[in-house]
Amino acid sequence: MTIHPAQLRAAADVLRQAQRLVVLTGAGMSKESGIPTFRDALEGMWAQFDPEELATPQAFQRNPRLVWEWYEARRLKVFEVQPHAGHYMLAALEARLPQVVVVTQNVDGLHKRAGSTDVIELHGNITQHKCFANCLGDPTLLNIATLATDSVPPHCPYCGAYARPNVVWFNEVLPMAALERAQSLCLRADVVLIVGTSGIVQPAASLPYLAKRQGGAYLIDVNPQRDELAPLCDLFLQGTAGGVLPQLAALLEQSEG
Ligand code: OAD
């Protein structure tokens, strides 16, 4: 897995001049923090668990306790891990470029913890909870620290429905405002940096197509494996987020020195 130095320099040159940068991240972004991806053949979450049993509203209705406990275990894991050098590199780009927005499919909140200030969470946030019935509007966020603990899952104090994680499950629509803002940013972006996504799950996977075909953006893809978006991209940097992004940061620093 090697990247030609000329490719890295080309990516750094493009980033240095970016006016409106969108960074699109997926599970590979968090892997070096210790959070497994979904589709890696052996260790990916969907290699070990069936999403139909755990990540759909129907699964929650069938077996709310199982789904709740699976998400609780993942939620607690998120508090044990830390952002890595790649997350910090993306946050530091904000000081260098006029506009940097991170559009993430990850639900772990690591971009914000690393200091990124403009983060669109397309698939929600696992550290938050909401009412399953969204009785006061979508999302009806609940603070689980304040919920009665006599049932698993706990109940919404407003309507009595179960509480659930504030994540997007299969068969659900994405938060509309988040998706629309991501689409409009992609249309206006001059550079899109894609990190650690298989590019399979819609509608997130369509954002780079929008940026390229309708907006004419320059696309850079960072992934240890060629993913579905690689053929669309101007530059494919074969490597990990924690390896490649700090190298790009070093090149950006050099050019300023
Ligand atoms: P996937 O698990 O589908 O893909 C992870 C990608 O990260 C793969 O292309 C890997 O090659 C790459 N990868 C692995 N290690 C990496 C590393 N250290 N650095 C960079 N890249 C690495 O994850 P997503 O594309 O995020 O949805 O999946 C999209 C959605 O599918 C998720 O948000 C989730 C899932 O079902 C929901 O939960 C709604």
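1. Pro139 sits in the loop between E4 and strand E5 (141-142), where helices (H or I, at least four residues) and strands (E, at least two) are DSSP runs numbered from the N terminus. A cis peptide bond joins Asp138 and Pro139, with omega about 0°. This is a predicted model, in which local features need pLDDT of at least 70 and side-chain atom pairs count only at pLDDT 80 or more, while totals for chains, interfaces and linings use all residues. Residues are numbered from 1 along each chain as its sequence is written, and side-chain values use heavy atoms, with hydrogens and water left out.

2. A cis bond also links Val152 and Pro153, with omega about -5°. Pro153 belongs to the loop between E5 and E6.

3. Asn134 is worth a look too: its phi is near 45°, a positive value in a residue other than glycine. Asn134 lies in the loop between E4 and E5, and at 18% relative accessibility it counts as buried (buried means under 20% relative accessible area, exposed over 50%, partly exposed in between; 1.4 Å probe, protein chains only).

4. Asn171, not a glycine either, has a positive phi of about 75°. Its place is the loop between E6 and helix H9 (176-188), and at 60% relative accessibility Asn171 counts as exposed. For context, most residues other than glycine have a negative phi, and most peptide bonds are trans.

5. Now to strand E6 (residues 163-167): five of its five residues are buried, so E6 is largely enclosed by the rest of the structure. Strand E4 (residues 124-131) pairs with E6 in the antiparallel sense over five bridges; pairing requires that DSSP finds at least two bridges between two strands. Cys131 has Ala163 in E6 as its bridge partner.
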